[in-house]
Each structure stands twice: as C-alpha cells, then as structure tokens.
Amino acid sequence: GQPGYQQYQAHAVVLLLMGTTMLVQASHMVKTALMLVSGLTYTLLTTPGWGQLHRSPAVPSHYLTIATIFLMILSFYCFTRHVEKLARTLFLWKMEVHEQKERLSGMRRRNEALVTNMLPEHVARHFLGPARRHEELYSQAYDEAGVMFASIPNFSDFYTEESINNGGIECLRFLNEIISDFDGLLEQPQFRTITKIKTIGSTYMAASGLIPEPSSSSGPGSGPGPGPGTGEVPLCGRDRWQHLADLTDFALAMKVALMNINYQSFNNFMLRIGMNKGGVLAGVIGAQKPHYDIWGNTVNVASRMESTGQVGNIQVVEETYLVLKDYGFRLVRRGPVFVKGKGELITYLVKGRERQGSFLSGSAVTLPHQVVDST
C-alpha cells in the first residue's frame, strides 16, 4: 500500500544521507548541499496534493517523517563539520610534526658535520653512535704510529700588532691561509692515512696510522687476525709502515705548499719539521669543546726533533731513518744531537726521494719534491 511505499522511500533517503556523510574527499558544505537536495526531493515526491491534505489519515505521520529527515540532515551537518575540523587540525599537526622532524634532522646533520670537523671520522662515529654512554672515556692505543710536528720559526718575526696590520689581524689571516693550504693537502687520496691533531700557534701537528680500520693500502698478504692491543688488522711487512712514508710525503708536500705561498706573497717562511714513529695513546678529553690528542714518548721525541731541528729540513731519529730509507727516501746523517730528557741521539735529515716510486710498486705518488736519481 501507499504507507509501506512511503516508508521504503524514507528508509532509502536515510541510507542516502548516511552514505553522503561518508564521502571523504567532499567538504561539509558539499555534503550538506547533497543532503538538502535529497531531503527536498523526497518532500516533493511524497507530499500529497491539497485535495488529499484533509482526507488522508497518514498526512500527520508523513510530515513527521519529513521533519525527522531534515533533523537528521542538521545532525549530519554538525557531524561532518566536526569531522572536517578534526581532520584539518590533524593535518596541521602532521605538517607541524613534519617540519619539526625536518628541523631536527637538519640540526643533527649540522651537529654531525661539526663533530666530524672537530674529531677524526672514526672518533666522531664513536660519539655519534647510539650505544655510546655519556660518561664513557674514549681512548685507543696504537703500537705503530707516526707523529709529525712542523713549525714556522720565523713567523714570530713576521707577526706584528702595528696599525698597518690592523692590530695583527692581517698576520693571523695570512697564517690561516697557510694552515688552510696544509689542511687542503689532507684531502688528497694519497694522504688518507694522515690525521691532523691540532695547531699550536704556527706549529702544525699531524699523525699517521691512527685509523682503526685497515686502510686500502693493505696488500693481499695482510692477515685477518687482530693486532696486539689495538684492534687493528695487522699488515704484512712491506705495508707495515706505509702510513709513515705517506706522512713523510705529506711533510715534503707542506714544504712545497709553503714555497708556493712564499712565491705569491714575496715572503721567506720556512718549515722546521720533526718526525718520529712508535706507540701512542689517542683519546678525547674535555666535557666542553672536546679535543682529540695523542700522548706518549713517541710524541715527545717528535716534538724534540722539531725544536732541535734545522730550518728547512725534516729531522728524524735513527729508528725512523731505518724505516724511511726502505721506502725510497734520501736521508743524510746529521750526527749526534742533544735532546732534553733523552741525552744525545743520532739524527738524520730527510731531503726527498732518491728515485721515482716507493718501496711499494704501483702505490707511489710522484710529488714535486722528489729527487730523481740520475745514475
């Protein structure tokens, strides 16, 4: 009958209204418009004519159904408006969280770059690792390391705080250019085993053999077992002191770099370099502005080789001489030199390379300071 049919239509409209509220991509205004169209259509299709208005007993219940439908439309409007507001708030929160994550990620990258610039790469990885404890002290012992001190003795004569040098700032700017050129040498692949330790005034300190991982210069004869007390992979005999030869090449390259600076600036700066080999203890000290440094008798002797050395030369002790001569370096005997705390030591001066190439065939790097043997 007619009442059952109208009830069916009413149920269909209610389902249509509920389905409209489920539209995800549509705004609450679009949903409200669709629901109003549905309600008005139902009203126009089901409202009886004026002639039946007073005769039909179902008229009051019919208008009650229409009122109920429009009340549902109002309720669904409030519901969709609330859901859209929550979705918008959630979206803004997600955008804010994403921006905060990007800022934190950028800060972390800058912090990692800063730490890596302050500390050697393998040490920086230790401090940036997730398992690192804040109270943990970083230290590492190395049985076979090379240490170098290089100073510019006559820079103190060049430095002045007169007004023409802007209170010494121009002198410091020039020293910064020199040190930066030395740092630039470390970016070359042949000097990858060398670690800059620090600068003290116009003195440059560097070391070799302080990288725990085996370097790419390891030959096929290197063994898989760990070295004694260092955690390193031991190298075969001919690769054992390759890093010391690289450190010597670096010292000679520093002399060439300073010579080029002198040529461009019409100065006469000269390096006085001391080197030594042996065991050292490396570590990071300081809760604020942490500093990576090395200690040991090897460091002390290298410092004495620099302070007692000759300007323009690289001075080494006899033990270092015995290693470097096998790597193609030309050294001359200086003789006994009194070293504070050590007495008289026989020292040698490194003059360059005797021939093109080094003890390791195929791994040599031809540098401008190499002395070619004409015989």
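I started with the aromatic side chains: Phe-182, Phe-191, Tyr-204 and Phe-250 form one aromatic cluster. I noted that this is a predicted model, where local features need pLDDT of at least 70, side-chain atom pairs count only at pLDDT 80 or more, and totals for chains, interfaces and linings use all residues. Residues are numbered from 1 along each chain as its sequence is written, and side-chain values use heavy atoms, with hydrogens and water left out.

I looked up the ring pairs next. The structure holds six aromatic pairs (ring centres of Phe, Tyr or Trp, the latter by its six-membered ring, within 6.5 Å; planes under 30 degrees apart are stacked, over 60 edge-to-face, the rest tilted). Phe-155 and Phe-269 have centres 5.8 Å apart and planes at 40 degrees, so I logged this pair as tilted. Phe-155 lies in helix α5 (155–158) and Phe-269 in the loop between α7 (242–265) and β4 (272–285), 114 residues apart (helices, H or I, of at least four residues and strands, E, of at least two are DSSP runs, numbered from the N terminus). Both Phe-155 and Phe-269 are buried (under 20% relative accessible area; exposed is over 50%, partly exposed in between; 1.4 Å probe, protein chains only).

I then checked Tyr-321 and Tyr-348. Their rings are stacked, 3.8 Å centre to centre with 5 degrees between the planes. Tyr-321 is in helix α9 (318–324) and Tyr-348 in strand β8 (343–353), 27 residues apart. Tyr-348 counts as buried because its relative accessibility is 8%.

Last, I looked at a charge. The charged end of Arg-353 sits over the ring of Phe-329, 4.1 Å from its centre (NZ of Lys or CZ of Arg within 6 Å of the ring centre and within 35 degrees of the ring normal).
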